[in-house]
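Open the model in your viewer and keep the selection tool handy. We will go from one stop to the next.

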Amino acid sequence: GSFPKPTDGEGLFKRFCANCHGAGAAGGRVKRSIVKEAAKGDSGLISMVRKGHGGTDYAKTADYMPSWTAEQITDAEIKLIGTHVRGL
């Protein structure tokens, strides 16, 4: 959090998503692709980012995704990520 937040979709994706979902968004270490979710439009991505997944069972890394507040990542930034993922 001490580094400046990226302002483009690729940079935001790398910061918030790529560590788990992989460089190509097709699964990565959690084996959960976000390509199809991004193809459905931005509302689904925004919803998933806000809700997260898996409760608080952090040990189940393949079934856990943190929720992010609008202060941490805005809807506009999530839309930039969606545009980036759809272009992969």
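Leaving aside neighbours within four places in sequence, which residues is His 84 in contact with? Select Gly 9, Glu 10 and Phe 13: these are the contacts of His 84, where contact means heavy atoms within 4.5 Å.

A word on the model: it is predicted, with local features needing pLDDT of at least 70 and side-chain atom pairs pLDDT 80 or more, while totals for chains, interfaces and linings use all residues. Residues are numbered from 1 along each chain as its sequence is written, and side-chain values use heavy atoms, leaving out hydrogens and water.

Now colour helix α5 (residues 75-86), where His 84 is found; helices here are DSSP runs of H or I, at least four residues, numbered from the N terminus. His 84 is buried, at 18% relative accessible area (buried is under 20%, exposed over 50%, partly exposed in between, with a 1.4 Å probe and protein chains only).

Next, select helix α1 (residues 9-16), whose buried residues include Gly 9 and Phe 13. Among the elements covering the buried residues of α1 are α2 (18-21) and α5.

Finish at Met 48, in helix α4. Met 48 is partly exposed, with a relative accessible area of 34%. Not counting residues up to four places away in sequence, Met 48 touches His 53 and Met 65.

Key:
Helix = DSSP H or I, 4+ residues; strand = E, 2+ residues; numbered from the N terminus.
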